[in-house]
Amino acid sequence: MNKLMTICALVLVVALAGVAYADVQSVKVSGDITIRGIYRDNYDLKDETKATSTPTQGSADDNAFYMQTTRVQIDADLTDNVSTTVRLLNERDWDADQGANGADDIQLDLSSITFKELFYSPLTVTVGRQEISLGNGFIVGDFDGSAAGGTGLTATEFSAIKSTDAISAVLDLDPWTITGFIAKVDENTATINDDVDLLGINAGYKLGSYNGEVEVYYIALLDDAAFRYGTAAGKVRSYEEREVYTLGVRGSMDPIDELTVNFELAKQFGEMRDDVIDTGLAGAPNTTQKRDVDGWALQLGADYDVTTLAYPVNVGVEYTYLSGEEKGNDGDFDAWIPMAENQVLGEIFEGLIATNSTWLDANDTGGSLGITNINALALKATVQPTDSVTVGIDVYKYWLDEKPTAVTGSTTAVGRKADDDFGTELDVNVLYDYTEDVSFGLLAAMFLPGDTFTSYNDDDAVQVVGSVNVAF
């Protein structure tokens, strides 16, 4: 924390000194601090009688801890059309081992230059580390990923890091808006072509009525890093590269003043290739094998504002579908391959999948897909009893698209049945706006495992999170 305070002080000095230079029009310093107290019970879906004889963190029956996220951002306008943004971030569990997990590290979360009216007045170009979000984040929004973010965090799903190194361009031709980007997701050894890049273009159009909008997008994932999907002859098959292309359409509108409906449909195609085949796997050695990608994603939702009640109430329903891989791993690869999604389909569900992704991609697809192979139906309601208090209740029902391969469970291994009933979750959120810049939150969530899980890991998981956020 001392390092953080020192850097923040230096940042403030530099920001204030920058005002004296004639080539800087204005400098704005902002940021926020979020502190969470988190309690979890049966978070591995096992009570203490089913845990190992020497439980480690993650297999113990309950756990209580604090985590803190601190961000400082500097925005500088150099001219009317040139500006820069820098944001420093530190996120850590309280009293974590500073050296072992990087809890004392300061990360460069944002660092970008924005050029307005570059070459052409409607064109804005941003270069550097930035956040890119398309639509409602169903496909693109979080490049770091909850499972990968927050080095050293116990609750990685609460990581605030969503940025990537990229070049993005926005062409504002009202009512059209065209966005394109090239993102470097993973830069590996310079002499080896094993990088991961994400490229995309999104064209949006605002309708002249019903507050409607339509977007069409095309996203390309070019992954030359080695990864695993599937098995053959008892071995995990490693594919050397994959090219995954996602074509989708999203839209929303208000058919009446109180009702908003939205939809999104995406199709994945491309291929995964393996140029060097292990002699123990299917096929002749040293021959190219490939599988075509054939994934689907769908999201439908509706929100209705109840205006006849004494307090503002909003009720909604949302259905999410991500295709799964069938047993046997033959033919096309049907499981949805996440791009950079940024949605929460249940607070505990997100945390469980961040640490146990094999529970979803359960048909030998390698445990590296993130959120896939799922149907999720959500019923949501929010009420605002006072101007400063908002209460939200969300109920989720989950079932798998493809039934998993049955695995016998034990005290040391996760078991599952050939059943698609994944579970149910209840989330209750209370937000209290203490002042304009200070808010308190309370989350209580429970996940009830379904018939997918065996008796070794079918205990209800509970999470309670209290938080305070200060923005400045």
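Contact here means heavy atoms within 4.5 Å, and buried means under 20% relative accessible area, with exposed being over 50% and partly exposed in between, for a 1.4 Å probe and protein chains only. Helices (H or I, at least four residues) and strands (E, at least two) are DSSP runs, numbered from the N terminus.

Quick housekeeping. This is a predicted model, so keep in mind that local features need pLDDT of at least 70 and side-chain atom pairs count only at pLDDT 80 or more, while totals for chains, interfaces and linings use all residues. Residues are numbered from 1 along each chain as its sequence is written, and side-chain values use heavy atoms, with hydrogens and water left out.

Back to H3, residues 347-355. Of its 9 residues, 8 are buried, so the helix is largely enclosed by the rest of the structure. Those are Glu-347, Ile-348, Phe-349, Glu-350, Gly-351, Leu-352, Ile-353 and Ala-354.

How many residues are in the largest nonpolar core? It has 60. By nonpolar core I mean a set of buried Ala, Val, Leu, Ile, Met, Phe, Trp, Tyr and Cys residues joined through side-chain atoms within 4.5 Å. The residues with the most contacts inside it are Ile-139, Phe-181, Leu-198, Ile-219, Ile-337, Phe-349 and Phe-422. H3 provides the largest share of this core, 4 residues. Click on Phe-422 if you like: leaving out residues up to four places away in sequence, its partners include Phe-349, Ile-353, Trp-359, Tyr-398 and Phe-447.

Zooming out, the protein chain has 3 helices and 21 strands. Out of 472 residues, 44% count as buried. Among contacts with a separation of 6 or more, 62% are between residues 24 or more positions apart.

Now a strand, S5, residues 123-130. Here 6 of the 8 residues are buried, so S5 too is largely enclosed by the rest of the structure. On one side there's S4 (residues 107-116), antiparallel to S5 and joined to it by 6 bridges; for pairing, DSSP has to find at least two bridges between two strands. Ser-111 stands opposite Arg-129 in that pair. The two strands make a hairpin with 6 residues between them, and Glu-117 in the turn has a positive phi of about 55 degrees. S5 also pairs with S6 (residues 164-173), again antiparallel, over 8 bridges, and there Val-127 sits opposite Ile-167.

Next, the salt bridges, where a side-chain nitrogen of Lys or Arg is within 4 Å of a carboxyl oxygen of Asp or Glu. Searching the whole structure turns up 20. One of these joins Arg-87 and Glu-131, at 2.9 Å, N to O. That pair links distant parts of the chain, with Arg-87 in strand S3 (residues 82-93) and Glu-131 in the loop between S5 and S6, 44 residues apart. Buried or partly exposed? Arg-87 is buried, at 9% relative accessibility, and Glu-131 is partly exposed, at 40%.

Then there's Glu-241 with Arg-273, closest N and O atoms 3.1 Å apart. Glu-241 is in strand S12 (residues 241-256) and Arg-273 in strand S13 (residues 259-274), 32 residues apart. Both ends are buried: Glu-241 at 19% and Arg-273 at 15%.

And Lys-397 bridges to Asp-421 at 2.8 Å. Lys-397 lies in S18 and Asp-421 in S19, so the pair ties together parts that are 24 residues apart in sequence. As for networks, salt bridges that share partners join Glu-241, Glu-243, Glu-271, Arg-273 and Lys-290 into one.

Last stop, the surface. Accessible areas are Shrake-Rupley with a 1.4 Å probe, and for residues only the protein chains shown count as cover. The chain's accessible surface comes to about 22,600 Å², 57% of it on carbon and sulfur atoms. There's a nonpolar patch with about 1,100 Å² of accessible area together, whose members include Phe-119, Trp-176, Val-216 and Phe-269. Patch residues have over 30% relative accessible area and no salt bridge; like charges are joined within 9 Å, and nonpolar side chains (Val, Leu, Ile, Met, Phe, Trp, Tyr) within 5 Å. Which strand gives the most to the patch? S9, with 3 residues. Val-216 belongs to S9, and it is partly exposed at 44% relative accessible area.
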